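Subject: Handover of a structure and its findings

Dear colleague,

Please find the structure below, together with its sequence. I would be grateful if you would read the notes that follow with the model open beside you.

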Amino acid sequence: MGKIKVAINGFGTIGKRVADAVDAQDDMEIIGVTKTGPSFGCDLAVKKGFPLFCTFDDKEKIAAFATQGYECSGGISQMLAIADVVVDCSPGKMGAENLLKYQNAGVKYMFQGGEKHALTGLSYTSCANHSANLNAAGTRVVSCNTTGLSRTLVPLYDHCGSLTVECTMIRRAADPGDSKKGPINAIKPVLSVPSHHGPDVMTVKPEISINSLAVAVPTTIMHVHSIIADLPSGHGLTTNSILDMWKNSPRIIVMSGAENKLTTTAEVMEMARDIGRKWGDLHEIFVWEDGVKLVGDRLYYFQAIHQESDVIPENVDCIRALMGTETDWRASVAKTDAAIDAYYGL
Ligand code: NAD
């Protein structure tokens with residue numbers, strides 16, 4: 001079988017990262033990315049050699065690219081015609097309209113966490129339900145928060161056989177490149193309770209009983225989760241064995257905040273920039289070792305999420321699930337991560 005032909009619809013914060021991660025793999029290739037019109041983001045596609053398509057099929061919109069010196073290979077229909085799978089990275093809530101385009105083109109499709117589970121009836125995280133997504137027509141890679149919750153909760157669930165969780169998402173107000181959102185001087189509770197983040201975990205692991213609250217705070221660099229998980233009696237775990245479980249699980253970094261002088265998200269992101277992935281990304285979930293404690297059957301912990309990047313390797317694994325080319329999620333994760341780090345010379 002040749003390389004999987006991947007199209008990216010929406011070359012923004014998530015789209016450009018997924019494109020790089022796909023480009024790093026030897027079993028898939030980028031056949032096109034879309035922009036709504038000419039803008040600085042087109043330069044990156046040109047630099048990477050990704051064919052640039054217009055988000056729409058209108059002749060005028062396609063022609064507008066040339067007025068600013070960009071070569072546009074055509075409208076979205078032309079891109080979909082040559083793709084095996086399209087990764088929809090449009091802003092949230094545009095899914096229903098785009099889904100029709102994908103179905104009409106007969107191409108497999110993946111949405112992001114800004115869309116609801118109901119759009120596809122199927123959602124995805126690598127560690128929770130890779131096998132349930134094998135050969136599906138389309139799915140949704142869950143949000144950065146839900147991905148982060150899955151990474152640490154699924155291994156716990158797999159050991160315990162049941163899990164009841166209450167958590168609070170302390171959310172960044174905006175991405176670093178976003179000038180439209182806030183708050184900039186307030187703490188903003190999400191007044192629809194419970195928030196969607198916790199229950200969204202149940203779209204990939206229905207067996208975990210979980211609820212969440214959320215507040216937005218004036219920072220742009222990470223989310224922090226404050227989590228309380230009730231384990232069933234007889235679980236046989238200790239604080240140290242839970243830390244070892246996470247250290248041995250993919251895409252989780254466990255480090256002592258005090259010993260490493262990593263006590264806030266600012267230092268965690270500085271460490272991520274030192275790792276050297278593009279954009280200073282941190283694909284792993286960061287757990288503060290000294291913030292984890294099992295008291296009786298109740299587990300307390302904090303974790304930090306780099307919102308723009310933890311879902312990126314999941315998208316790559318998800319492509320393999322939809323195409324049915326890798327049935328073992330751990331094998332896909334290992335392949336994805338090794339290829340990305342090799343791509344960046346790490
Ligand atoms: P973004 O605004 O940075 O990028 C969206 C891109 O899509 C832009 O280039 C925009 O021009 C383009 N676009 C606009 N209308 C379009 C359309 N109709 N069809 C296709 N493309 C269109 O948004 P983002 O942050 O990359 O978010 C994309 C998706 O990923 C959303 O569902 C979001 O909820 C989800 N997500 C975002 C983050 C994050 O931290 N930014 C994390 C996880 C998941």
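In which loop is tryptophan 279 found? Tryptophan 279 sits in the loop between H12 and strand S13 (285-288). Please bear in mind throughout that this is a predicted model.

**Backbone features in the loops**

The phi angle of tryptophan 279 is near 60 degrees, which is a positive value in a residue other than glycine. With a relative accessibility of 30%, tryptophan 279 counts as partly exposed. A second residue with a positive phi is lysine 261, where the angle is about 55 degrees although the residue is not a glycine. Lysine 261 belongs to the loop between helix H11 (257-260) and helix H12 (265-275). Is lysine 261 buried or exposed? The relative accessible area of lysine 261 is 67%, and exposed means over 50%, so this residue is exposed.

One runs from glycine 182 to proline 183, with omega near 5 degrees. Proline 183 is located in the loop between strand S8 (164-172) and strand S9 (188-189). The other joins valine 193 and proline 194, and its omega is about -10 degrees. Proline 194 lies in the loop between S9 and helix H9 (197-201).

**The sheet**

Strands of a sheet pair through backbone hydrogen bonds, in either a parallel or an antiparallel manner. In this model, seven strands form an open sheet with parallel pairing, in the order S3-S2-S1-S4-S5-S7-S6. Which strands stand at the edges? They are strand S3 (52-54) and strand S6 (123-124); each has a single partner strand, so one side of each is left without a neighbour in the sheet.

Strand S1 (residues 4-9) pairs with S2 in the parallel sense over five bridges. To locate this pairing, look for alanine 7, whose bridge partner in S2 is glycine 32. Strand S2 (residues 28-35) is mostly covered, as seven of its eight residues are buried.

Helix H5 (residues 95-105) lies across S1, strand S4 (85-88) and strand S5 (108-111), and runs at about 165 degrees to S5. H13 lies across S1, S2, S4, S5, S6 and S7, running at about 150 degrees to S5.

H13 also has a helical partner. Helix H1 (residues 13-23) packs with helix H13 (residues 312-323) at an angle of about 55 degrees, and their axes are 9 Å apart. The two helices are therefore oblique to each other, and H1 passes H13 in a right-handed crossing. Which residues of H1 meet H13? They are Ile14, Arg17, Val18, Ala21 and Val22, which meet Ile312, Asn315, Val316 and Ile319 in H13. The residues of this contact divide into seven nonpolar, one polar and one charged.

Yours sincerely,
A colleague

Terms used:
Residues are numbered from 1 along each chain as its sequence is written. This is a predicted model: local features need pLDDT of at least 70, side-chain atom pairs count only at pLDDT 80 or more; totals for chains, interfaces and linings use all residues. Side-chain values use heavy atoms; hydrogens and water are left out. Axes are lines fitted to C-alpha atoms, for helices over the stretch in contact, and angles run from 0 to 180 degrees between N-to-C directions. Helices (H or I, at least four residues) and strands (E, at least two) are DSSP runs, numbered from the N terminus. Angles under 35 degrees count as roughly parallel, over 145 as roughly antiparallel, 65 to 115 as roughly perpendicular and the rest as oblique. A crossing is left-handed if the near helix is turned anticlockwise from the far one by less than a right angle, and right-handed if clockwise. Contact means heavy atoms within 4.5 Å. Ala, Val, Leu, Ile, Met, Phe, Trp, Tyr, Cys and Pro count as nonpolar, Asp, Glu, Lys and Arg as charged, and the others, Gly among them, as polar. Buried means under 20% relative accessible area, exposed over 50%, partly exposed in between (1.4 Å probe, protein chains only). Two strands pair if DSSP finds at least two bridges between them.
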